[in-house]
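Dear colleague,

Please find below the structure that I am handing over to you. My findings follow it.

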Amino acid sequence: MLVLILKCDNLTLFSKEFILIMDQVKDFNKAGSIIRTGRSFGIDGYFAVDSYFDPFDKKAIEASSGLVFSCDFRLFPDDEHLIENIIKKSYQIITNSPNGESLESLVEFSDKPVALVIGSEPESATDKYID
């Protein structure tokens, strides 16, 4: 089993059709649950800012039922690097927000790969990803 964690400034080696970005998810139990749920939908690419996330924290491992060991993590030095790189790779950014009525009314899906941004509760994704 190969587990890949890259601390990176760019996505030159990365090409996935669907990735999940954890935006300031600091609760490792929640992070593990997000990973477990994402894996059930076939998502194995997870991005985060290094200062917010440790995928191998004991709580994250337990909450993910060990699925962190089958994921590809990319940890960036800050939000700006992460956003710049997903835009360069032409990802369509989709976020959660307590202000929307429904996903269909807010987003038109295109043929571009998808970057789903999940924020911490109760705030959801920060405005950096929404703008």
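**Strands and crossovers**

A right-handed β-α-β unit is made by strand 2, helix 1 and strand 3. Here helices (H or I, at least four residues) and strands (E, at least two) are DSSP runs, numbered from the N terminus; a crossover is right-handed if, with the strands pointing away from the viewer, the path from the first strand over the helix to the second runs clockwise.

The model is predicted: local features need pLDDT of at least 70 and side-chain atom pairs count only at pLDDT 80 or more, while totals for chains, interfaces and linings use all residues. Residues are numbered from 1 along each chain as its sequence is written, and side-chain values use heavy atoms, with hydrogens and water left out.

Strands 2 and 3 run parallel and are joined by three bridges; strands pair if DSSP finds at least two bridges between them. Leu20 has Tyr46 as its bridge partner in strand 3. Strand 3 is also joined to strand 4, by five bridges and again in parallel, and Val49 has Phe76 as its bridge partner in strand 4. From strand 3 the chain crosses through helix 2 to strand 4, in a right-handed β-α-β crossover.

Five of the five residues of strand 3 are buried (under 20% relative accessible area; exposed is over 50%, partly exposed in between; 1.4 Å probe, protein chains only). Gly45, Phe47 and Val49 point one way from this strand, and Tyr46 and Ala48 the other way.

**Aromatic residues**

The structure holds five aromatic pairs (ring centres of Phe, Tyr and Trp, the last by its six-membered ring, within 6.5 Å; planes under 30 degrees apart are stacked, over 60 edge-to-face, the rest tilted). The ring centres of Tyr46 and Phe73 lie 5.8 Å apart with the planes at 35°, so this pair is tilted. Tyr46 in strand 3 and Phe73 in strand 4 are 27 residues apart. Phe56 and Phe73 form an edge-to-face pair, at 6.1 Å centre to centre and 75° between the planes. Phe56 counts as partly exposed because its relative accessibility is 28%, whereas Phe73, at 0%, counts as buried.

**Nonpolar core**

The largest nonpolar core has 15 residues, and Tyr46, Phe53 and Phe73 are among those that touch the most other members (a core is a set of buried Ala, Val, Leu, Ile, Met, Phe, Trp, Tyr and Cys residues joined through side-chain atoms within 4.5 Å). Helix 1 gives the largest share of this core, three residues.
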